[in-house]
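Here is a short report on one protein model. It moves from single residues to the whole fold.

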Amino acid sequence: MARTPGRLSSAATSGHILELVRSGTATSRSEIGRVTGLSRPSVALRVTELINSGLVTEGSGAASSGGRPPTLLEFNAGSGLILTSALGMVRSQAAVCDLNGDVLARTPGSPDMEQGPDDTLPWLLDTWSEQIASLGRDPGDVRGVGIGLPGTVEFHAGRADDRPFLGKWAGVALAPLVSERFPVPVTVDNDVNVMALGEHIAGGHGHPDDMVFVKVSTGIGAGLLSGGRLLRGSLGAAGEIGHIPVRDGGGLPCRCGNTDCLEAVAGGRRLLDSAAEQGREVHTLKDLVALASGGDPVAVTLVRSAGRRLGEALAGAVNLLNPEVIVLGGDLSEAYDHLVAGVREVVFQQCTALATRQLRVVASSLWDDAGVRGCAAMVTEEILSPEAVNKLLAG
């Protein structure tokens, strides 16, 4: 989804006009002239430039109020491809999207993330190449790459910085490695951040501008949106809700080096251990979710308790950020009824009345597509910015 520009000056460039067309703010030459103040020849020059580049096409005429109907201008999302991947410790997704972020091909996989980029990137690069070929497209059609990594990511440097969790990924810049196969801009971010973007742009909850997206799986993390913008913090470490200490954790060690972090007490590994200690045969969170969905009392109690723990951490975020909606994603959220009961119990008890007056707590509507859609949005924000488009046209 393109952001809606405000009124532009007569200095509006071709890149700004593309933004107007993508957002639907102006879809004809006359509308562009009214919004920008550009003369008719200037509008024609810029529109022709966009059409020749393939970024804009001319569609059928709009309804006319008299005289010749105006020709509609349309963003050509098929003029390029975006390669995206949501990498995870248990399972990963690789996808090819168009320039609108719509998924054209998606492939699940389970590369061993703990072995580092040398093990995972060959799978990813080869999968993308196979997908491009299956679509009958050419690698030259690729315009950008977006990757979501589990754990902390130093966003502007494009590298993981989570040494206890992703030791072999820490400090490795991925862009040069990917660019050997696909020489295009490469953007890397935390997996929960890209899931939050995907849910915001393509989810079914009304595109809320103020949102907390929580992934509850092996690890626990949050993506924060305020005013429609992702809050990454100064280095990219915002949203590490899984490492907020909770009360009465029993001194459980966390992978970050602290004790009684939310993730250590209520994350996937701890829940599976607790279920096994109570005689339940579970190997994955999917197993635990299936038991909870079937009404198993041990599984239900564990999931609801995890929800309460999560609610403790989210209460602070709600009081601080006043989101419109909390979206629960990740494997454990598939036991939504039990998880959300625990979350709501604590959040609505501990937060101010105004902060919770319109607050909704909902399940992810995209599930596995949230990450790849968010990666696509992250890339288009960069490659389709007015500045980037102007540079492309000048080249």
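## Two loop residues with positive phi

Asparagine 322 sits in the loop between α10 (297-321) and β13 (325-329). Helices (H or I, at least four residues) and strands (E, at least two) are DSSP runs, numbered from the N terminus. Asparagine 322 is not a glycine, yet its phi is positive, at about 50°. Its relative accessibility is 42%, so asparagine 322 counts as partly exposed. The classes are set by relative accessible area: buried is under 20%, exposed is over 50%, and partly exposed is in between (1.4 Å probe, protein chains only).

Aspartate 260 is found in the loop between β12 (229-230) and α7 (262-266). Its phi is near 60°, again a positive value in a residue other than glycine. Aspartate 260 is buried, because its relative accessible area is 16%.

## Basis of the model

This is a predicted model: local features need pLDDT of at least 70, side-chain atom pairs count only at pLDDT 80 or more, and totals for chains, interfaces and linings use all residues. Residues are numbered from 1 along each chain as its sequence is written, and side-chain values use heavy atoms, with hydrogens and water left out.

Threonine 120 lies in helix α4 (residues 117-134). It has a relative accessible area of 0%, so threonine 120 is buried. What is threonine 120 in contact with, leaving aside its neighbours within four places in sequence? The partners are Leu87, Pro111, Asp112, Met113 and Trp169. Contact means heavy atoms within 4.5 Å. Valine 153 is 33 residues apart from threonine 120 along the chain, and their C-alpha atoms are separated by 17 Å.

Asparagine 193 belongs to helix α6 (residues 191-202). Asparagine 193 is buried, with a relative accessible area of 1%. Neighbours within four places in sequence aside, asparagine 193 is in contact with Ala222, Gly223, Leu230 and Arg232.

## Domains

The domain assignment gives domain 1 (14-75), domain 2 (81-195 + 371-394) and domain 3 (206-364). Such bounds come from an automatic or database domain assignment. The C-alpha centres of domain 1 and domain 3 are 46 Å apart.

## Overall fold

The protein has 14 helices and 14 strands. Its radius of gyration is 23 Å, close to the 21 Å that the globule rule gives for 395 residues, so the protein is as compact as a globular protein of that length. The radius is taken over C-alpha atoms, and the rule is 2.2 Å times the number of residues to the power 0.38. The C-alpha trace spans about 75 × 50 × 40 Å along its principal axes.

Of the 395 residues, 52% are buried. Among contacts between residues at least 6 apart in sequence, 62% join residues at least 24 apart.

## Surface and charge

The accessible surface comes to about 17,100 Å², with 49% of it belonging to carbon and sulfur atoms. Areas come from the Shrake-Rupley method with a 1.4 Å probe; for residues, only the protein chains shown count as cover.

The protein has 33 positive and 44 negative charges, and their mean positions are 7 Å apart. Lys and Arg count as positive, Asp and Glu as negative; His and the chain ends are not counted. Each charge is placed at NZ of Lys, CZ of Arg, CG of Asp or CD of Glu.
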